Amino acid sequence: MLPAEEKSSISVQGTLISIVGESLVDVIATASDGGAGAKYPGGSPLNVAVGTARLGLPTKLVTQFAPDEHGQLIQDHLESSNVEVSNFGLERTSVAEASIGSGGSADYDFSIEWNLGTGKRQLGTEVRGSMHIHTGSIASAMMPGANSVLTAIAECRGGSTISYDPNCRPALCPDASQARRQAELFVQESDLVKASDEDLAWLYPDRTPEETMAAWLELGPAFIAMTRGDAGTVFLSRQGRVDVGGEKIALADTVGAGDSFMSGLLAGLAQLGALGAEARPVLNALTLDQAREVVSYANRAAGITCSRAGANPPNADDLGMLLGS
């Protein structure tokens, strides 16, 4: 475990975490606003980047958005959270229209593009030298950009640890068999994987999510973390299994909850000195007590986000440090 004075200073070429993936604007409509919809910067990778930056980790987001009104909203949001941005550009910023149900869950309708344009040739250069690289969601599933992302992380894993969250969007990538093949390619390149029980049930309808966790662990990651909403999280590694209950909160909505969990997970692992290629032995040897501590920390991050409207993750003052750090 790192001494306290070193925890905030770990950096490789100025960047601890590089996040690769989509940025978009969530237009969130509820029954109370008459369907008009409030606009929030979003996209799973963007949310993770904002979350890690707010928790004190130097963060770069490699993404795509346009120089339009929605793109300016994204740019301002990232700058306000001190996220370094590498923007490969689009003609029109992607949009997700979300309808919030009575239980706080969100259903999405997307207008999105993920191609990286000419930037796909420099993607590896953009993330090389990072201590850790995270990707997932649309960026890991939608062609043609997804293949460029896979190539980049495969090339860079010798110098970085890798994390992946499938965050499946059947409305955009409805072929579950193709999504399953793609997910397994990313799992094979990853050191840690986070997925929801809904993701795993959709990808593998013929077996339980726990069976899929075990199968994915055999593909190489140090551990798999499965989130289950207010039921909490299951952690599975070669050391064993840990179940951590969900946070008790006053629910606003669940937008960005899984992304805040991911940010909290990475921040917790950073405090344990478990990120970076040289730290792979530490990551692979996490004890179950350490796993419980880190997962509880990530659950708290998700809980704070669920208590707020939209994807608004906590900062370091909101969340604090790991109890044992």
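How many aromatic pairs does the count come to? The count comes to 3 aromatic pairs, where rings of Phe, Tyr and Trp (its six-membered ring) pair if their centres lie within 6.5 Å, with planes under 30 degrees apart counted as stacked, over 60 as edge-to-face and the rest as tilted. This is a predicted model, in which local features need pLDDT of at least 70, side-chain atom pairs count only at pLDDT 80 or more, and totals for chains, interfaces and linings use all residues. Residues are numbered from 1 along each chain as its sequence is written, and side-chain values use heavy atoms, with hydrogens and water left out.

**First selection: tyrosine 164 and phenylalanine 186.** The ring centres of tyrosine 164 and phenylalanine 186 are 5.2 Å apart and their planes lie at 20 degrees, so the pair is stacked. Because tyrosine 164 belongs to strand β9 (residues 161-165) and phenylalanine 186 to helix α5, the pair ties together parts 22 residues apart in sequence; helices (H or I, at least four residues) and strands (E, at least two) are DSSP runs, numbered from the N terminus. Tyrosine 164 is buried at a relative accessible area of 3%, and phenylalanine 186 is buried at 0% (buried means under 20% relative accessible area, exposed over 50%, partly exposed in between, with a 1.4 Å probe and protein chains only).

**Next: tyrosine 204 and tryptophan 216.** This aromatic pair is edge-to-face, with 6.1 Å from centre to centre and 75 degrees between the planes. Tyrosine 204 lies in the loop between α6 and α7 (209-217), and tryptophan 216 lies in helix α7. Tyrosine 204 counts as buried at 7% relative accessibility, as does tryptophan 216 at 1%.

The charged end of arginine 180 sits over the ring of tyrosine 204, 5.7 Å from its centre, and arginine 207 lies over the face of tyrosine 204 at 4.1 Å from the ring centre. A charge sits over a ring if NZ of Lys or CZ of Arg is within 6 Å of the ring centre and within 35 degrees of the ring normal.
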